[in-house]
Amino acid sequence: MPVQILMPALSPTMTEGNLVRWLKNEGDTIKAGQVLAEIETDKATMEVEAVDEGILGKILIAAGTDEVKVNEVIALLLEEGEDASALANFTPKAVAVPQASADATPSSQTASPTMSQAIDTSSSSGERIIASPVAKRIASDKGVNLSHIPGTGPRGRILKADVEGFSGSATTHSSQPVSFAHSGYTDIPLNNMRKVIAKRLLESKQSIPHFYLSVSCEIDALLALRTQINASKEKDEKISVNDFVILACARALRDVPDVNVSFHDNIIRKYANADISVAVAIDGGLVTPIITNVGARSLTDVSSTMKNLAKRAREGKLQPEEFQGGSFCISNLGMYGVDHFQAIINPPQACILAIGAGKEQVVVKEGEMQLATVMTCTLSVDHRAVDGALGATFLGKLKLYLENPINMLV
């Protein structure tokens, strides 16, 4: 009996993906570990490897197909001793439970950049145009010049919906808004990442009892120490304020371990290590790469690891294990001049720390007014897992480390 190759779930948030291309053809002999196809998820384009061996008997989902549901049968594999006649009366059986396919798994070796398998063309001016395979095919069928179509995908990639909705010349399903100009506004289709962000954050605000705690931290000592450390470092090695924040969070989590938790239906899971997710803005959305076991790292190690993760996040090169999980999250908008904000919890994590900009303010010390650089930190807390007093204790420890940064380095 042919083996069903299913659309794999390459991340916990994935419910559908785009089948970018097949790397094997019908009739090819398949060995375990060989890369079968490339799947575009909400985070990156991943290589999918074969688990079973045999002959690729039939491809059911063509390359360039968007929005393929997880666990949909995408191909059939003939086992040893079977030939094409085994496909004649075989009816693929649907698998209802969304889980990673037993026939194909994400490659543990490489994850191609999200843009790497988009089709590159050129406009008449020589400008590089990037479009998905299905978008290119539809544009060709309609006789539409791709250079005239604004792409709404990552890095301007032209998607299927962009072509279908160009100039209002095609009608699409009402749940799939198209991108065409009106007098006063433009409809922009959601890419996979934005769909997942919208769904998960809506669920978070609707289902998690958020409460918020804020503390003001004077960071002049931190800024002075940072200047001293960076004086001997190259430009690409310099320590950021965010690096100090990440390390301070790890120290505070060590001191108040009951905050280093995640909430599940019947349990609160308490973590031994501080695996800290850090929000990184990328084209089309955001991703939260994880620095593992921050408590065991030096400030320099935290800084270099964060730079590497952020760079590969923007290139779409993160492995799933590098952005899935984490026990605590940080979102820093201080570099954008935001004074303070309240972040939305990323479930199942119980807390997310929002960092504002450090700004000079007048403070009173020992009855005298003085200038100090003050940074507001706001902790969003899941009340099911962490109570107010516990969250306040954590923030007190965090404030101690940020205002006396030498304590976190010893």
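Colleague: Why is Phe328 called buried?

Modeller: The relative accessible area of Phe328 is 0%. Buried means under 20%, so Phe328 with its 0% is buried. Bear in mind that this is a predicted model.

Colleague: How many aromatic pairs does a search of the whole structure find?

Modeller: The search finds one aromatic pair.

Colleague: Why is the pair of Phe328 and Phe394 called tilted?

Modeller: A pair of aromatic rings is described by the distance of the centres and the angle of the planes. The ring centres of Phe328 and Phe394 are 5.4 Å apart, and centres within 6.5 Å make a pair. Their planes stand at 50°. Under 30 degrees would count as stacked and over 60 as edge-to-face, so the pair with planes at 50° is tilted.

Colleague: At what angle do α5 and helix α6 pack?

Modeller: The angle between α5 and α6 (residues 299-315) is about 115°, and their axes lie 9 Å apart. The crossing is right-handed. On the α5 side the contact is made by Asp243, Phe244, Ile246 and Leu247, and on the α6 side by Leu299, Val302, Ser303, Met306 and Lys307. By class this contact has six nonpolar, one polar and two charged residues.

Colleague: Which elements have the highest and the lowest mean pLDDT?

Modeller: Helix α5 (residues 241-255) has the highest, 98, and strand β9 (residues 104-106) the lowest, 42. Over residues 97-120 the pLDDT is below 50, although the model has 79 contacts for this stretch beyond near neighbours in sequence. Residues 168-181 also stay under 50. Where pLDDT is low, the predicted coordinates should not be read in detail. The average for the protein is 84, and 85% of the residues score at least 70.

Notes
Residues numbered from 1 in each chain as written. Predicted model: local features only at pLDDT ≥ 70, side-chain atom pairs only at ≥ 80, totals over all residues. Heavy atoms only, no water. pLDDT = per-residue confidence, 0-100. Helix = DSSP H or I, 4+ residues; strand = E, 2+ residues; numbered from the N terminus. Contact = heavy atoms within 4.5 Å. Axes fitted to C-alpha atoms, helices over the stretch in contact; angles between N-to-C directions. Left-handed = near helix turned anticlockwise from the far one by under 90°. Nonpolar A, V, L, I, M, F, W, Y, C, P; charged D, E, K, R; others polar. Phe/Tyr/Trp six-rings, centres within 6.5 Å; stacked < 30°, edge-to-face > 60°. Buried < 20%, exposed > 50% of the residue type's maximum accessible area, 1.4 Å probe, protein only.
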